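This report concerns one protein model, shown here with its sequence.

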Amino acid sequence: MNVIIESLREKIASVSSFAAACEITVRELRRLVAQFDWVGIYMRQGEELVLTAWDGPEATVHVRIPVGQGICGLAARTGETVIVGDVNADPRYLACFPQTRSEIVVPIYAKDDVIGEIDIDSDKASAFTDDDRQLLERVATLLGDLAL
Ligand code: SME
């Protein structure tokens, strides 16, 4: 985990904009972690989450999600990481890709405010562990610090 964080920290330090840091983050996370099949970053604009960067086999139709809707909107509203082991069994889930089986959404904080989130889909059921949560919460902190 530390190797991924340190490599990301270095790469992010080499770019000059928050948008570029988001692009690097989604690309590197997907490249480095086998079960991360689709990786996106949504940023909060008022009461909506707007897709800012993504990496994966295909684009999602969910480019704007109201806070409170879907797993993404839930994480933004509560400010807490959400892990869904079986998306097909969760009525809150907004479907994007037919092959997705599980999802994790991790809020990005700047001081006390949720300014965005990292959203990852896996084609594997129950793919996300506590290690993934810890890794992604550290990545979210890197991005949140950058946004301050
Ligand atoms: N599944 C998400 C929507 C975004 S896609 O996963 C890219 C949700 O339930 O909020």
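The model is predicted: local features need pLDDT of at least 70, side-chain atom pairs count only at pLDDT 80 or more, and totals for chains, interfaces and linings use all residues. Numbering starts from 1 along each chain as its sequence is written, and side-chain values use heavy atoms, without hydrogens and water.

Six strands form an open sheet in the order E3-E2-E1-E6-E5-E4, with antiparallel pairing. Helices (H or I, at least four residues) and strands (E, at least two) are DSSP runs numbered from the N terminus; two strands pair if DSSP finds at least two bridges between them. E3 and E4 are the edge strands, each with a single partner strand, so one side of each has no neighbour in the sheet. Neighbouring strands are turned by 25° against each other on average, direction ignored. Such angles run from 0 to 180 degrees between N-to-C directions, with axes fitted to C-alpha atoms, for helices over the stretch in contact.

E4 pairs with E5 in the antiparallel sense over 3 bridges; within this pairing, valine 82 has valine 105 of E5 as its bridge partner. Helix H4 packs on the sheet, and its direction makes about 35° with that of E5. The elements that H4 touches (contact: heavy atoms within 4.5 Å) are tabulated.

| Strand touched by H4 | Residues |
|---|---|
| E1 | 38-45 |
| E4 | 82-84 |
| E5 | 102-110 |
| E6 | 113-122 |

Helix H3 (residues 70-78) is largely enclosed by the rest of the structure, because 7 of its 9 residues are buried. Buried means under 20% relative accessible area with a 1.4 Å probe, protein chains only; over 50% is exposed, and partly exposed lies in between. The buried residues of H3 are Gly70, Ile71, Cys72, Gly73, Leu74, Ala75 and Ala76. They pack against E1, E2, E3, E4, E5 and E6. Just after H3, glycine 79 takes a positive phi of about 75°.
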